[in-house]
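This briefing is for a reader new to the structure. Please look at the sequence and the model first; the notes that follow are grouped by topic.

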Amino acid sequence: MRLTDKTLDKYLFLLLILIVVGLPIGIESYDRYVWQKKIPAEAAVFTLTGHTQRGWLLGEVQAHDVLSFGQMRGSVEKPVIEVSKGDLVVLKLKSSDVVHGFSLKDWGIIISDGIQPGKVVTVSFRADKVGSFTFSCNAICGDNHENMKGTLVVKA
Ligand SMILES: [Cu+2]
């Protein structure tokens with residue numbers, strides 16, 4: 001059987017649809033599958049997404065959000081994460097653009113090999129100290145690198 005150009009087009013189109021729809025679903029469920037197994041239910045989980053202009057964005061950031069963030073130059077987010085003493089804190093670190101880094105020195109957490117776009121780096125620690133602690137990006141990622149900071153508040 002010979003494929004006519006039209007049939008071939010149809011198959012390629014179908015294949016394209018499969019990839020466009022299937023890939024995000026696949027990544028999403030893989031992400032959920034992997035981390036749900038490792039993160040205990042009682043953990044305080046936060047997602048931080050690095051952005052060269054906007055700093056650390058708290059929460060899940062979708063691609064279309066990042067696009068509009070890109071146009072809003074100048075305003076840098078400095079998120080504050082609040083937990084209670086004794087909490088198991090899990091941070092899911094992501095990047096929306098370039099390679100970022102992460103450090104929370106008070107717990108000796110330093111990501112040395114970077115947070116690659118499209119990957120998730122997870123760190124966890126027990127909030128056993130009360131106070132305000134600064135976390136930052138430790139990979140030179142752009143003009144706003146110095147502003148790429150946030151605060152972890154541990155309440156008694
Ligand atoms: Cu950075």
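H100 and M148 are both buried in this predicted model, and each is a donor to the copper ion. The structure also holds two salt bridges.

**Copper site**

- The copper ion is coordinated by ND1 of H100, SG of C137, SG of C141 and SD of M148, at 2.1 to 2.4 Å.
- Angles of 96 to 127 degrees between the four donor atoms make the arrangement tetrahedral, because four donors count as tetrahedral if all angles lie between 85 and 135 degrees.
- The spacing of the donor residues along the sequence is H-x36-C-x3-C-x6-M.
- H100 sits in strand β5 (residues 100-104) and M148 in the loop between β8 (131-136) and β9, so this pair links distant parts of the chain, 48 residues apart.

**Salt bridge between E77 and R54**

- E77 and R54 form a salt bridge whose closest N and O atoms are 2.6 Å apart.
- The two residues are 23 residues apart: E77 is in the loop between α2 (63-71) and β3 (80-84), and R54 is in the loop between β1 (44-51) and β2 (55-58).
- R54 is buried, at 4% relative accessible area, whereas E77 is partly exposed, at 32%.

**Salt bridge between K155 and E82**

- The side chains of K155 and E82 form a salt bridge, at 3.2 Å from N to O.
- K155 belongs to strand β9 (residues 149-155) and E82 to strand β3, so the pair ties together parts that are 73 residues apart in sequence.
- K155 has a relative accessible area of 38% and counts as partly exposed; E82, at 46%, is partly exposed.

Notes:
Residues are numbered from 1 along each chain as its sequence is written. This is a predicted model: local features need pLDDT of at least 70, side-chain atom pairs count only at pLDDT 80 or more; totals for chains, interfaces and linings use all residues. Side-chain values use heavy atoms; hydrogens and water are left out. A salt bridge is a side-chain nitrogen of Lys or Arg within 4 Å of a carboxyl oxygen of Asp or Glu. Helices (H or I, at least four residues) and strands (E, at least two) are DSSP runs, numbered from the N terminus. Buried means under 20% relative accessible area, exposed over 50%, partly exposed in between (1.4 Å probe, protein chains only). Donors are N, O and S atoms within 2.8 Å of the metal (3.2 Å for Na, K and Ca); water is not among the atoms, so sites may look incomplete. Four donors count as tetrahedral if all angles lie between 85 and 135 degrees; four count as square planar and six as octahedral if opposite donors are over 155 degrees apart and all others between 65 and 115; anything else is irregular.
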